[in-house]
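Please study the sequence and the model before reading each solution.

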Amino acid sequence: MKRKTLLQAMGFVILAVLLLQGSSAFAQRQADYATKIDATRSIAPYFTPATTKKMTPDSDGFIQRWLLLEPINKPNRSNTVFTDSYLRKAFDTLYFKNQFTVIPKHGDKVKVGDQELKWHALESTNFNVKLFRFAFGLDKQIYGVLFWAVTVVNSPEEMKDVRMAVGSNSASMWWVNGKEAALLSGDRRMVMDDVVSTRLTLNKGKNIIRGAVINGPGMSDFCVRFLDEKGEPIKGITISYE
């Protein structure tokens, strides 16, 4: 009986050692994998550098060429705080010089508190702009963030009764030629055409589109397109970043 008990005890000890070794090996593999991921962070395949080539919206009218600012630190432990009043205060706050008027150039830098952030001229390879992948790929902050996006829509003629259709994860606000066009409040996932603006006019020539997307935990992305008076995607425009 004693011998049997001793053998059982030894078995438990051996099993515990094996489990500990296995756990350590697994933890090491996880650490090695994380190190590998960190070492190979990239915004590819979600983005490519923007070019000066003529670019129109995709086949569904979505805009894929944007100037994106590296994420601003904006701590939020939950997205439930994104009420209309909270968002208006957050988006009206001046984080950097000429925030609501600047058309930045690729590589331009701004100072936000103790952060030095850079603008990137990029083309999304998807209909939606994956901000989480943008931040992660550049090894920047991915949660508790505020992103700014700017693009230029060139219209061959004046277009009246146009609507801006937006989807975002999480909350966001959008402006067309300096005027508010859409506010997406609350904790939401990105859905195309989630919020559609009232009727507006695209001027002949350049139209400045500006957006701000805020998120606490979770993924971040957005999609934007314009719809004509019949609700059809507008494709006869070109997109530039200057």
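A salt bridge is a side-chain nitrogen of Lys or Arg within 4 Å of a carboxyl oxygen of Asp or Glu. The structure is a predicted model, in which local features need pLDDT of at least 70 and side-chain atom pairs count only at pLDDT 80 or more, while totals for chains, interfaces and linings use all residues. Residues are numbered from 1 along each chain as its sequence is written, and side-chain values use heavy atoms, with hydrogens and water left out.

**Exercise 1. Salt bridges**

State how many salt bridges the structure holds, and describe the one that E123 forms.

Solution. 

Step 1. The count of salt bridges is 8. Side chains of opposite charge can pair when their charged atoms come close.

Step 2. E123 is bridged to R65, with 2.7 Å between the closest N and O atoms. The two residues belong to distant parts of the chain, 58 residues apart: E123 is in strand β5 (residues 115-124) and R65 in strand β2 (residues 65-69). Helices (H or I, at least four residues) and strands (E, at least two) are DSSP runs, numbered from the N terminus.

Step 3. E123 and R65 are both buried. Buried means under 20% relative accessible area, exposed means over 50%, and partly exposed lies in between (1.4 Å probe, protein chains only).

Step 4. E158 pairs with K160, the closest N and O atoms being 3.9 Å apart; E158 is partly exposed at 47% relative accessibility, whereas K160 is exposed at 57%. R188 and D194 meet at 2.5 Å, N to O, and D194 is partly exposed at 32% relative accessibility.

**Exercise 2. Aromatic pairs**

Describe how the rings of F100 and W148 are arranged, and explain which parts of the chain this pair ties together.

Solution. 

Step 1. Rings of Phe, Tyr and Trp (its six-membered ring) pair if their centres lie within 6.5 Å; planes under 30 degrees apart count as stacked, over 60 as edge-to-face and the rest as tilted. By this rule there are 14 aromatic pairs.

Step 2. The rings of F100 and W148 are edge-to-face, with 5.7 Å from centre to centre and 80° between the planes. F100 lies in the loop between α2 (84-92) and β4 (109-112), and W148 in strand β6 (residues 145-155), so the pair ties together parts that are 48 residues apart in sequence.

Step 3. F100 is partly exposed, at 32% relative accessibility, whereas W148 is buried, at 1%. Helix α3 (residues 131-137) holds both F132 and F136, 4 residues apart, about one turn of the helix. F132 is buried, with a relative accessibility of 9%.

Step 4. Ring pairs also join F96, F100, W119, W148 and W175 into a cluster.

**Exercise 3. A charge over a ring**

Identify the ring over which the charged end of R41 sits.

Solution. 

Step 1. A charge sits over a ring if NZ of Lys or CZ of Arg is within 6 Å of the ring centre and within 35 degrees of the ring normal.

Step 2. The ring is that of F136, and the charged end of R41 is 3.8 Å from its centre.

**Exercise 4. Backbone features**

Solution. 

Step 1. P45 is placed in the loop between α1 (2-39) and β1 (47-49).

Step 2. Another cis peptide bond joins N169 and S170, where omega is about 5°. S170 is in the loop between β7 (159-169) and β8 (171-176).

Step 3. D193 lies in the loop between β9 (179-184) and β10 (195-196) and is partly exposed at 24% relative accessible area.

**Exercise 5. The surroundings of S240**

Decide whether S240 is buried or exposed, and list its contacts beyond neighbours within four places in sequence.

Solution. 

Step 1. S240 belongs to strand β14 (residues 238-240) and is buried, with a relative accessible area of 16%.

Step 2. Contact means heavy atoms within 4.5 Å. Apart from neighbours within four places in sequence, S240 is in contact with R65, T151, V152 and N154.
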